[in-house]
Amino acid sequence: QNNRDGCLSDVSGDIWDASLLLASFLYGTNEGQQLCYDACFRMQSTQVDGGGILELGSGLGLSGIAAAAAAAAVATLHKRHTKDADKEQLTSRVVLTDLNDKNIISLLRKNVECNLSKIGEDSDLSVTVQSCDWFNVASSRANADNNSQPCVPTGTFNLIIGSALIYIPDHAVACAETVSRYLSKSNSSQAIIIQLPDRAGFDIFLRRCHELELLVSS
């Protein structure tokens with residue numbers, strides 16, 4: 001079990017520097033806010049069953065909460081400056097995920113509810129918490145006929161975010177395949193992963209991303 005979940009199962013109760021950096025970019029800069037808004041409301045698939053933002057390895061959910069708040073803030077601003085006759089009703093989603101552990105998911109869901117209780121109503125943005133086991137996703141990719149381990153959440157996303165995801169080499173390939181599985185094929189879609197480059201396994205992650213034909217820049 002430790003080879004599978006490793007220290008990732010022990011660090012979900014902390015806020016790491018990488019998450020602070022990512023949250024600061026997404027919510028604290030105009031570029032980050034616009035990126036989150038576009039992923040939710042301006043790119044293709046602006047429906048609850050597709051598009052939007054996915055956070056992997058959310059932990060306490062800081063970066064995902066920041067992304068949702070950023071998208072909602074810009075959406076609210078647009079509504080205020082748009083005539084009622086020109087307003088288009090769009091619904092999108094931000095999904096925060098972590099290991100299928102009841103304690104991790106329960107705490108993550110509590111943080112989301114405490115911080116974002118009014119955002120969905122004001123911005124037509126659905127903010128939810130779901131489990132996402134990277135190894136199940138990788139297994140499903142390897143065997144398309146295997147329905148015993150369904151991938152959750154469903155659909156694809158315009159923006160995938162994550163911070164300090166790789167700690168041991170055993171997770172690297174599964175993480176890359178999860179990004180590939182959930183990233184929309186749109187030319188505008190992207191994943192933003194903030195990671196210390198010297199972490200064990202990060203080179204494996206990057207190599208697998210290249211093999212999956214994901215365009216990688218750092």
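Visitor: What makes the span of α4 close to the expected one?

Guide: Helix α4, residues 62-80, has 19 residues and reaches 27 Å from its first C-alpha to its last, against an expected 27 Å. That expectation is 1.5 Å times one less than the number of residues. Helices here are DSSP runs of H or I, at least four residues, and strands are E runs of at least two, numbered from the N terminus.

By the way, this is a predicted model: local features need pLDDT of at least 70 and side-chain atom pairs 80 or more, while totals for chains, interfaces and linings use all residues. Residues count from 1 along each chain as its sequence is written, and side-chain values use heavy atoms, without hydrogens or water.

Visitor: Why is Gln195 called buried?

Guide: Its relative accessible area is 12%, and buried means under 20% (exposed is over 50%, partly exposed in between; 1.4 Å probe, protein chains only). So Gln195 counts as buried. Gln195 sits in the loop between β5 (190-194) and α9 (202-211).

Visitor: Which backbone atom of Leu165 does the Gln195 side chain reach?

Guide: The nitrogen, at 2.9 Å; the side chain also reaches the backbone oxygen of Ile166 at 2.8 Å. A polar contact is an N or O pair within 3.5 Å; within protein, one atom must be able to donate a hydrogen and the other to accept it, and sequence neighbours count only if both atoms are side-chain atoms.

Visitor: How many residues are in the largest nonpolar core?

Guide: There are 31, with Cys36 and Val112 among those having the most contacts inside it. Such a core is a set of buried Ala, Val, Leu, Ile, Met, Phe, Trp, Tyr and Cys residues joined through side-chain atoms within 4.5 Å. Helix α4 gives the largest share, nine residues.
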